[in-house]
Amino acid sequence: MPILRAAPASAQLAPAGYPSTPIWAYATATAGTVPGPEIRLSAGQRVRFQLINDLPQPTAVHWHGIRIENAMDGAAPLTQAPVPPGDTFDYDFVAPDPGTYWYHSHNRSTEQVARGLAGPLIVEDREPWLGEPGAATRELVLVLDDWLLDSDARIIEDRWEDLHAASHGGRMGNTVTVNGAAYPELDIQPGERVRLRIINTATDRIMPLSLPHLSARLIALDGHPVTPREIDTLILGPAQRADVVIDGRVDGEARANLLLDPGNGEWVEITGFIHSGDNLPSTGTDVRPLPAWGTLPAPDLSESQRETLLMEGGAMRGMLETRFGGETMGFRKLAANGMVWAFNGAANEMDKPMFRAALGRTVQMEMSNRSVFPHAIHLHGHHFTILSKSGAANIEGDVRDTVLIGADETVEIAFVADNPGVWMIHCHMLSHQKSGMMAWFEVA
Ligand code: C2O
Ligand code: CU
């Protein structure tokens, strides 16, 4: 069985001239890297990896967005016991749907993902797309991350439990990397059409992105195809992915950039696309849509089971009496227990499910954010259709596994609970997950 080893390593994250950064990383045959080695397979293919834990802590691997068999979901301690140091766990599953995914640690993940335990997982298109008329001729995987480094480029380690950060937007970094490097430069030919598979692996940072001069068009979200559409700003919450087609510029300029807004409206260049060679003949303005999945059952809203998810807490709003550990307590006592957020009046209630659904039933869930911070809500084992956002119908009908819900926003989703087992539902701002925004549901 192929090996996936989790172990300490080091990486040159900061620009040249700075020391390298001690990290924790995944490795297959070679030394550990950030991002972890790319795992690439075809839809419906079986994946097998023996995880070897060479970390000083227990760990587990979650295959984010894969509609996976429950026992292989890696959601410790719900679906498996965390793997102790020196021990192994055999992952063996089928990835049913094409698209851009990722894998990451799902134990002590605020710390373990922040230390580097994340990598891309690519499930190839079911029918040929690359090279077809109107499609791209090549693809690039861009794994975006956000690191909190000190002046010696070491990860700041004493803030995993930072409740101040957790009650705000989460533990923010100060160094954004793309494929483990500060501002990589990638070659592109003028007029060349390239598919970008963009993955936000940051623990907490929402990434507003922009690709000016490159005619960027969105073709998939969280692995699921969308009708190709032009995008100006693309907002990726933690764990979200977007597939974007770009055309190399043909105006004679040598450079274009992927830009990120760190939150102050001042766009920062995080990747350069360096143009060289002759202008390629135009591919036309239309972009070929990705082949449909054909694997996801359509929700039946006529007989749906209604559920709600109420998000409360955080700085400037707080929350009322909340259940934690079988006890109802006020804000101060919750905070003393490291809890500053709640789902439906409970903080990290893991001793019973938030709801149960019969296998095959459509669940329709209204998710209301009553806090002043956005949240990236992720459901394990399922993809869901976004029905509406703050009342307005979602005409694009986006299918996702992680949805960003703004302050005071309400999002309605529906999905067919067709995957038996116990599945986590949590905020993918990992600081929020740890401090109250975590629960699970059962499909049986
Ligand atoms: Cu990306 Cu619960 O995970
Ligand atoms: Cu959150």
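**Entry 1: the copper site**

I started with two residues: Cys427 is buried, and His432 is buried too. This is a predicted model, so I'm reading everything as computed. Next I looked up what holds the copper ion (ligand 2), and I found His375 (ND1), Cys427 (SG) and His432 (ND1) coordinating the ion at 2.0 to 2.1 Å. I also checked how these donors are spaced along the chain, and the pattern is H-x51-C-x4-H.

**Entry 2: a sheet**

I turned to an open sheet of five strands, and I noted the order as E24-E33-E32-E26-E30, with mixed pairing. Which strands are at the edges? I found strand E24 (355–357) and strand E30 (402–405), each pairing on one side only. Neighbouring strands in this sheet are turned by 20 degrees against each other on average, ignoring direction.

Then I zoomed in on strand E26 (residues 375–379), which runs antiparallel to E30 and is joined to E30 by four bridges. I picked out Ala376, and across from Ala376 I found Leu404 in E30. His375, one of the copper donors, falls in the residue range of E26.

**Entry 3: salt bridges**

How many salt bridges are there? I got a count of 33.

I looked up Asp97 and Arg67, whose closest N and O atoms are 2.7 Å apart in a salt bridge. Asp97 is in the loop between strand E6 (88–95) and strand E7 (99–105), and Arg67 is in the loop between strand E5 (61–64) and E6, so the pair ties together parts 30 residues apart in sequence. Are these two buried or exposed? Asp97 counts as buried because its relative accessibility is 2%, and Arg67 counts as buried at 13%.

Next up were Arg288 and Glu132, whose side chains meet in a salt bridge at 4.0 Å, N to O. This pair links distant parts of the chain, 156 residues apart: Arg288 is in the loop between strand E19 (268–275) and strand E20 (305–313), and Glu132 is in the loop between strand E8 (118–124) and strand E9 (138–147). I wrote down Arg288 as partly exposed, at 29% relative accessible area, and Glu132 as partly exposed at 29% relative accessibility.

My last pair was Glu185 and Arg255, with the closest N and O atoms 2.9 Å apart. Glu185 is partly exposed at 47% relative accessibility, and Arg255 is partly exposed at 38%.

I finished with a network: salt bridges with shared partners join Glu38, Arg40, Glu124, Asp125, Glu139, Arg195, Arg197 and Asp243.

Technical notes:
Residues numbered from 1 in each chain as written. Chains lettered and ligands numbered in written order. Predicted model: local features only at pLDDT ≥ 70, side-chain atom pairs only at ≥ 80, totals over all residues. Heavy atoms only, no water. Donors = N, O, S within 2.8 Å, 3.2 Å for Na, K, Ca; no water. Buried < 20%, exposed > 50% of the residue type's maximum accessible area, 1.4 Å probe, protein only. Pairing = 2+ DSSP bridges. Helix = DSSP H or I, 4+ residues; strand = E, 2+ residues; numbered from the N terminus. Axes fitted to C-alpha atoms, helices over the stretch in contact; angles between N-to-C directions.
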